[in-house]
Amino acid sequence: MVTYKVGYFVGSLSKESINRTLSKALIRLAPDDLEFSEIPIGDLPLYNRDLDEDYPTSALALKDAIAASDAVLFVTPEYNRSIPGALKNAIDWASRPWGQNSFDHIPAGVIGASIGTIGTALAQQSLRAVLSFCNARQMTSPEAYIHFSPEIFSDDGDVLVDSTKEFLKNYMQEFRDHVERVLTVLPRA
């Protein structure tokens, strides 16, 4: 059986992030042939093109983590109707220097949770636009805008509502199938 290595990004830097809780739930519900490792983004300096000639250690580690992944999964909150600055900063580092874009042809999934009723729809739209420019091969369906509440998720990532659990399980199966399809056509080096 092939195992796919999935690097995942949690868009929030908060240790108590609801999207970190969602990421725990997704990992638990994922097919067994997906292996997950978080790609940290909290130690990156602000992207500055002046540093392209002497990339910071944390930015090199970010690029190495993406290179070691077969696919990436973005689990992001919505800040001011867009993606968090820390996540955008990480994408900027990973896609530079020009011509060394770590996201080129990588299978990618986007999901997020919010306490608001529209989930993270607008953040995901912003993120998808950025990932399109970066040439990531995005899973476009099913879309998943998760309304987060303590009645649905426990603090440790258990999903307490069967319909939500089934939806997320199906989402992760679709993500796994997307990864396989993309890598069949565009294998990672």
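Helix α2 (residues 57-67) and helix α3 (residues 85-94) approach each other so that their axes come within 9 Å and cross at roughly 80 degrees; here axes are lines fitted to C-alpha atoms, for helices over the stretch in contact, and angles run from 0 to 180 degrees between N-to-C directions. Helices (H or I, at least four residues) and strands (E, at least two) are DSSP runs, numbered from the N terminus.

The model is predicted, with local features requiring pLDDT of at least 70 and side-chain atom pairs counted only at pLDDT 80 or more, while totals for chains, interfaces and linings use all residues. Residues are numbered from 1 along each chain as its sequence is written, and side-chain values use heavy atoms, with hydrogens and water left out.

Which residues in α2 and α3 meet? From α2 come Ala59, Leu62, Lys63 and Ile66, and from α3 come Ala90, Trp93 and Ala94, where contact means heavy atoms within 4.5 Å. By class, this contact of α2 with α3 has 6 nonpolar, no polar and 1 charged residues; Ala, Val, Leu, Ile, Met, Phe, Trp, Tyr, Cys and Pro count as nonpolar, Asp, Glu, Lys and Arg as charged, and the others, Gly among them, as polar.

Helix α5 (residues 162-185) has 24 residues and spans 35 Å from its first C-alpha to its last, close to the 34 Å expected at 1.5 Å a residue, the expected span being 1.5 Å times one less than the number of residues. Buried residues in α5 include Thr164, Leu168, Tyr171, Phe175, Arg176 and His178; buried means under 20% relative accessible area, exposed over 50%, and partly exposed in between (1.4 Å probe, protein chains only).

In the loop between α3 and β4 (107-114) lies Pro97, which a cis peptide bond with omega of about -10 degrees joins to Arg96.

Arg81, in the loop between β3 (71-75) and α3, has a positive phi of about 70 degrees although it is not a glycine, and Arg81 counts as exposed because its relative accessibility is 53%. Asn135, in the loop between α4 (121-133) and β5, likewise is a residue other than glycine with a positive phi, near 70 degrees, but at 25% relative accessibility Asn135 counts as partly exposed.
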